[in-house]
Amino acid sequence: MSLSLVQDTIKNHLFTQDCLKRVVAFADAGIQHEGWFNGEIVYLFGGMKKGGSIKSWSRECPSTIAGECDFKLELVNATTVVFEMKALQQRDQRGIWRLGHSAVDIVDHNDISKMLGITATDRYLVVFAYPVRAASEWHELAAKVQQFLVSKKGIHNAISVSRFDDSPGGELSIGWLQLH
């Protein structure tokens, strides 16, 4: 299974009516429920491993730089991919705010640094943003994360938006920011 098929599997699962109802409930309550998204990914990776679609996966992978990274996935083609997950609920009492406002939080919590301390072919920050965000906001987030990585951590790796998917009803965006 290729990485794009893994991405499609995650998207197709999270864009089901039952999952999107939960995302709407999280948004209505004004909470970022990263644990729920991670639980859904554990369920998916377990099924993919059992079905032979992926070689192996592990969670809370120790990083030589900072803490633990959310997931490490070994594809059947010998590609190793590291994922750090981030849930970003984009509403509060004042209304909706931009994805770029979360960039400093991502850098301060070492979400990128964790991935650098693990040997991998590819590294992705997977962002679950709700409600759906405009394409320009994904690029703004990547640019601001890269800016803060340089200014706050001295890390000069490039960050780009590899892909983003929006649910048809506007409940959820899944953005894949690749660390180069």
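When neighbours within four places in sequence are left aside, Glu84 is in contact (heavy atoms within 4.5 Å) with Glu68, Cys69, Asp70, Asp111, Lys114, Met115, Tyr124, Leu125 and Val126. The structure is a predicted model, in which local features need pLDDT of at least 70 and side-chain atom pairs count only at pLDDT 80 or more, whereas totals for chains, interfaces and linings use all residues. Residues are numbered from 1 along each chain as its sequence is written, and side-chain values use heavy atoms, with hydrogens and water left out. Glu84 is found in strand E3, where helices (H or I, at least four residues) and strands (E, at least two) are DSSP runs numbered from the N terminus. With a relative accessible area of 2%, Glu84 is buried, a term that stands for under 20%, as against exposed for over 50% and partly exposed in between (1.4 Å probe, protein chains only). A polar atom of the Glu84 side chain lies 3.0 Å from the backbone nitrogen of Asp70, and the side chains of Glu84 and Lys114 are joined by a polar contact of 3.3 Å. Such a contact is a pair of N or O atoms within 3.5 Å; within protein, one must be able to donate a hydrogen and the other to accept it, and residues adjacent in sequence count only if both atoms are side-chain atoms.

Strand E3 belongs to an open sheet of 6 strands with mixed pairing, in the order E1-E2-E3-E6-E8-E7, two strands being paired if DSSP finds at least two bridges between them. Strand E1 (54–62) and strand E7 (159–166) are the edge strands, each of which pairs on one side only. On average, and with direction ignored, neighbouring strands of this sheet are turned by 25° against each other; the axes are lines fitted to C-alpha atoms, for helices over the stretch in contact, and angles run from 0 to 180 degrees between N-to-C directions. E1 and E2 pair in the antiparallel sense over 7 bridges, and within E2 the bridge partner of Ser56 is Glu74, while Ser58 stands opposite Lys72. These two strands, E1 and E2, form a hairpin with 5 residues between them, in whose turn Gly67 has a positive phi of about 60°. E2 and E3 likewise run antiparallel, joined by 4 bridges, and Phe71 has Phe83 in E3 as its bridge partner. The hairpin of E2 and E3 has 4 residues between the strands, and there Ala78 takes a positive phi near 75°.

H3 lies across E1, E2, E3 and E6 and runs at about 150° to E1. Helix H6 (residues 135–153) packs on the sheet, where it touches E6, E7 and E8, and its direction makes about 150° with that of E7.

Beyond four places in sequence, Phe83 is in contact with Leu3, Phe45, Cys69, Asp70, Phe71, Leu73, Met115, Tyr124, Val126 and Trp176. Ring pairs link Phe45, Trp57, Phe71, Phe83, Tyr124 and Trp176 into a cluster, and the structure holds 12 aromatic pairs. Rings of Phe, Tyr and Trp (its six-membered ring) pair if their centres lie within 6.5 Å, with planes under 30 degrees apart counted as stacked, over 60 as edge-to-face and the rest as tilted.

Leu20, in helix H2 (residues 17–29), is buried with a relative accessible area of 7%. Apart from neighbours within four places in sequence, Leu20 is in contact with Leu14, Phe15, Ser167, Glu171 and Leu172. The C-alpha atoms of Leu20 and Tyr130 are separated by 9.9 Å, although these residues stand 110 residues apart along the chain. Ser167 has its place in the loop between E7 and E8 and is buried, with a relative accessible area of 4%. Residues up to four places away in sequence not being counted, Ser167 touches Phe15, Leu20, Val132 and Leu172. Ser167 and Lys144, 23 residues apart along the chain, have their C-alpha atoms separated by 25 Å.
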